[in-house]
Amino acid sequence: MKAIEFQDVSFSYNSEEVLSDLNLEIGRGEFVAILGPNGAGKSTMLKLTLGLLRPKKGTVKVLGFNAYEERDKFVDKVGYLPQREDIHLEAPLTISQVVKLPMLARGKKIGEENVRKALKIVGLENISDKLFSELSGGQQQKVLLARALLSDPEILLLDEPFNGVDVISQEKIVEVLAEMSSRGKTVVAVVHNINPLLHNIDRVVLLNRRIVAAGKPNEVFSEENIVKAYGTSIPVVVCEEGYTHPLYGDYHG
Amino acid sequence: MDELILRALIASLLISLNASVAGTLTVFRRASFLVAGSAHSALAGVALALFLNSIGIDAHYFLFALIAALFFAFLSAKAARRGDVNVGIATAFSLSMALAAIFISLTRNSASNAWQFLFGDILLLTVDDFAIVTISTVFVLLAVSFFYHKFLFISFDPSGAEAMCLNVYLYDFLLIALISVSVVTALKAVGAILVFSIFIAPSSTARILGRSLSSVFVISFILALSSLYLGLVTSFFFSIPSGAVAAAIASLVYFAISWKK
């Protein structure tokens with residue numbers, strides 16, 4: 001059974017088609033990055049995976065369950081890291097409270113030891129009483145990652161994990177995601193800038209309302225595919241390890 | 001001690017609890033204007049009740065205020081779903097004021113009754129009013145404690161809450177409805193126009209000063225209660241409306257603290 005399957009999926013907001021004829025299978029333990037310009041439908045793809053949106057056509061399956069109709073059957077097995085811009089900082093929550101909040105909101109008890117373990121993975125176990133609102137962007141993102149890891153999920157979905165994140169925190173996040181993947185967990189990250197992840201992912205999906213290309217980064221980042229996705233050419237460089245890196249992409253809008 | 005004063009002192013305590021809980025959750029929800037919208041919607045309900053009473057039909061102000069405020073909560077929650085909660089609140093606000101003005105103008109001898117609901121008077125609470133304040137406060141506190149983590153989660157991270165299978169729309173409506181009940185509870189004591197100051201100013205000040213969730217609730221409660229008690233004392237010695245003094249104190253404290261910070 002695949003971790004995530006898109007079977008001939010189309011989706012539109014009102015009359016505007018955002019995603020067309022998506023066919024994609026993501027296997028268990030795969031580490032996949034979804035890349036594309038602004039408005040390509042990347043976040044919509046994540047929302048379809050989470051079962052928050054109903055496809056206009058086709059089916060999305062997560063761990064074999066229909067994502068929209070049976071989301072309660074897999075929700076505990078999916079960790080989600082939302083865009084940090086969607087987080088509101090009015091309530092003075094400590095790091096520990098932020099990590100525990102989803103479980104408490106669902107009426108589940110959570111032990112301090114589990115919270116400490118999750119924070120240790122991202123290297124923040126010693127400041128669990130600090131206010132979340134006073135952390136840097138990178139630290140906040142690591143707390144949200146720890147929160148997503150708390151239930152030891154089978155699948156981890158991340159929406160723009162590197163926005164406003166310093167390089168050291170980026171490296172830590174990539175290290176944690178690679179470790180998850182090596183333990184057989186499925187990791188799917190929507191990104192604008194693929195470079196922090198590029199050496200660790202199994203596949204990249206290049207998206208612009210439909211799948212332009214999917215495969216190993218070196219196969220996907222051809223001149224033809226980049227022009228199809230972005231409408232213009234983007235310079236690429238091949239690093240010493242032989243990976244093809246696009247030099248830039250759209251900024252997160 | 002005079003029964004009216006004792007009643008006013010206890011009612012102030014209960015209203016401060018309402019103001020602390022509902023006001024703080026409103027500030028966390030980033031919808032402070034909601035309190036004003038809710039109070040003015042309730043006023044439309046009160047005005048309808050006053051009009052019906054004036055033509056010989058028995059109608060209790062609290063019930064009508066509650067229905068109007070809950071209807072407003074429903075409209076606001078629907079607007080929030082589309083991401084434009086302020087437009088929803090503002091439109092419902094002006095609609096409510098328009099209806100209130102129409103009903104008050106149709107009501108004979110309306111001025112004094114309407115005045116109490118506009119500016120409130122905690123010293124004029126009847127035994128019935130006091131019972132309403134007590135029962136509503138217990139209800140609001142129980143309901144909020146039951147849904148506390150859900151309300152906190154949808155205020156902090158609505159996307160994450162939705163992803164975790166929480167019905168964000170339902171809990172948002174419940175939160176707005178409970179805030180509305182709380183506001184209606186304080187309506188006769190504090191008044192539709194001044195309730196905003198008693199609910200939002202102390203909570204906003206507490207949000208600036210507080211370093212934890214519990215400290216925000218506690219500071220907000222102390223500020224609301226101090227303002228109301230100072231209002232009562234001032235009213236006792238100088239014959240000035242207590243609600244107006246309390247609202248002025250709460251607002252001035254907010255401006256002083258936010259300016260200092």
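Is R116(A) buried, exposed or partly exposed? Select R116(A) and see. R116(A) is partly exposed, with a relative accessible area of 36%. Keep in mind that this is a predicted model.

**Stop 1: helix α3 of chain A**

The side chains of E113(A) and R116(A) form a salt bridge, N to O, at 3.0 Å. The two residues sit 3 apart in helix α3 (residues 112-121) of chain A, so about one helical turn separates them. E113(A) is partly exposed too, at 42% relative accessible area.

**Stop 2: helix α5 of chain A**

Select E175(A) and K172(A). Their side chains meet in a salt bridge, with N to O at 3.4 Å. Both residues belong to helix α5 (residues 167-182) of chain A; they are 3 residues apart, and therefore about one helical turn lies between them. E175(A) is partly exposed at 48% relative accessible area. K172(A) is partly exposed as well, with a value of 22%. The cut-off for buried is under 20%, which means that K172(A), at 22%, does not count as buried.

**Stop 3: the sheet of chain A**

Switch to cartoon view on chain A. Here 4 strands make an open sheet, in the order β2-β1-β4-β5, with antiparallel pairing. Its edge strands are β2 (16-26) and β5 (65-66) of chain A, each of which pairs on one side only.

Now show β1 (residues 4-13) of chain A next to β2(A). The two strands pair in the antiparallel sense over 7 bridges. Which residue of β2(A) stands opposite F6(A)? Select L24(A): that is the one facing F6(A).

Stay on strand β2 of chain A and pick S20(A), which is found there. S20(A) has 6% relative accessibility, so this residue counts as buried. Leaving out residues up to four places away in sequence, S20(A) touches V9(A), S10(A), R209(A) and R210(A).

**Stop 4: inside chain B**

Move to chain B and select R29(B) with D172(B). They form a salt bridge, and the closest N and O atoms are 2.7 Å apart. R29(B) lies in the loop between α1 and α2 (33-54) of chain B, whereas D172(B) lies in helix α8 (residues 168-190) of chain B, so the pair ties together parts that are 143 residues apart in sequence. Both R29(B) and D172(B) are buried.

Next, select L228(B), in helix α10 of chain B. L228(B) counts as buried, with 6% relative accessibility. Which residues does L228(B) touch? Not counting residues up to four places away in sequence, the contacts are S12(B), I15(B), S16(B), V190(B), I198(B) and A246(B). The C-alpha atoms of L13(B) and L228(B) are 8.5 Å apart, while the two residues are 215 residues apart along the chain.

**Stop 5: where chain B touches chain A**

Show both chains and select the contact residues. Chain A contributes 26 residues and chain B contributes 23 residues. The two chains bury about 2400 Å² between them, with 66% of it on carbon and sulfur atoms. On the chain B side, pick F156(B), M164(B) and R211(B). These lose the most area to chain A, together 29% of what that side buries.

How many salt bridges cross the interface of chain B and chain A? The rule finds 2 there. For polar contacts, the count between chain B and chain A is 10 residue pairs, both residues being at pLDDT 80 or more.

Finally, color the chain B side by element. Those giving two or more residues to the side that touches chain A are α1 (3-28), α6 (127-156), α7 (158-163) and α10 (213-238) of chain B. The most comes from α6(B), with 6 residues.

Technical notes
Residues are numbered from 1 along each chain as its sequence is written. Chains are lettered from A and ligands numbered from 1 in the order in which they are written. This is a predicted model: local features need pLDDT of at least 70, side-chain atom pairs count only at pLDDT 80 or more; totals for chains, interfaces and linings use all residues. Side-chain values use heavy atoms; hydrogens and water are left out. Contact means heavy atoms within 4.5 Å. Buried area is the accessible area (1.4 Å probe) that two parts lose on being put together, summed over both. A salt bridge is a side-chain nitrogen of Lys or Arg within 4 Å of a carboxyl oxygen of Asp or Glu. A polar contact is a pair of N or O atoms within 3.5 Å; within protein, one must be able to donate a hydrogen and the other to accept it, and residues adjacent in sequence count only if both atoms are side-chain atoms. Buried means under 20% relative accessible area, exposed over 50%, partly exposed in between (1.4 Å probe, protein chains only). Two strands pair if DSSP finds at least two bridges between them.
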